[in-house]
Amino acid sequence: MAKKAGKADAELLSDDEAREVLRRIDAMYPDAKGELHWENKFQLLCAVLMSAQTTDKMVNRVTPRLFSDFPSPEKLAQAPVTAIEADISQLGLYHSKAKHLKEMAQMLVDDYGGEVPGNKADLLRLPGVGNKTANVVLAEGWGVPAIAVDTHVARISKKFKIVPEDAKPLAIEHRLEELLPEEEWIHTHHAMILFGRYTMPARAKNPDPYAYLK
């Protein structure tokens with residue numbers, strides 16, 4: 001798809017143009033899925049919580065030891081913060097992440113019987129869990145349609161002028177939800193992440209994002 005002739009740089013794509021961009025990104029990654037390693041919803045929640053400002057590869061590097069040492073919310077809640085820090089010290093912001101992990105686990109034990117809740121309002125109550133983390137847990141753990149706006153999704157949405165350059169994550173989330181049917185939300189959001197991670201990374205040299213579309 002070529003950009004419309006004469007389209008001003010500041011002009012946003014129409015709904016149909018935006019859907020075509022998203023369709024092509026989606027088609028480039030037919031098997032798109034999350035790259036964090038986890039075996040149950042508790043591990044998923046921990047991994048996503050730790051992924052802020054850190055690569056999934058780095059999170060996957062520390063989670064085997066963390067999950068071995070603290071395999072349940074009860075074990076994690078009882079652990080000294082220093083012990084949690086020791087397991088995740090390779091991550092950025094590991095002091096605050098360790099504190100949030102312990103507090104989150106304690107709330108799971110106290111308020112949810114040690115189980116990860118399956119609705120957004122309850123997830124957002126948990127320490128360290130914001131809108132993006134809640135959406136990932138809902139989508140991955142429960143199969144609930146959701147779009148998690150990380151740095152890749154935000155950058156791609158802005159580069160292709162699907163949203164304004166100053167759009168905040170929640171506005172980007174709502175715009176993508178408007179454009180796509182619910183059954184495509186999870187896959188397309190994963191495809192956008194992989195496209196931004198591997199095909200059009202932030203360091204990509206060609207200023208024309210369409211050069212990276214197949």
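**Exercise 1.** Work out how helices α9 and α11 are oriented to each other.

Solution. α9 and α11 are roughly perpendicular to each other, because their angle falls in the class from 65 to 115 degrees. The angle is about 85 degrees, and the axes of α9 (residues 151-159) and α11 (residues 182-199) lie 8 Å apart. Axes here are lines fitted to C-alpha atoms over the stretch in contact, with angles from 0 to 180 degrees between N-to-C directions. Helices are DSSP runs (H or I, at least four residues), numbered from the N terminus. Contact (heavy atoms within 4.5 Å) involves, among others, Val-153 and Ile-156 of α9 and Met-192 and Phe-195 of α11. The residues of this contact divide into five nonpolar, four polar and two charged, where Ala, Val, Leu, Ile, Met, Phe, Trp, Tyr, Cys and Pro count as nonpolar, Asp, Glu, Lys and Arg as charged, and the others, Gly among them, as polar.

The model is predicted: local features need pLDDT of at least 70, side-chain atom pairs pLDDT 80 or more, and totals for chains, interfaces and linings use all residues. Residues are numbered from 1 along each chain as its sequence is written, and side-chain values use heavy atoms, without hydrogens and water.

**Exercise 2.** List the contacts of Leu-126 beyond four places in sequence.

Solution. Leu-126 touches Leu-45, Met-104, Met-107, Leu-108, Tyr-112 and Pro-117.

Methods:
Helices (H or I, at least four residues) and strands (E, at least two) are DSSP runs, numbered from the N terminus. Angles under 35 degrees count as roughly parallel, over 145 as roughly antiparallel, 65 to 115 as roughly perpendicular and the rest as oblique.
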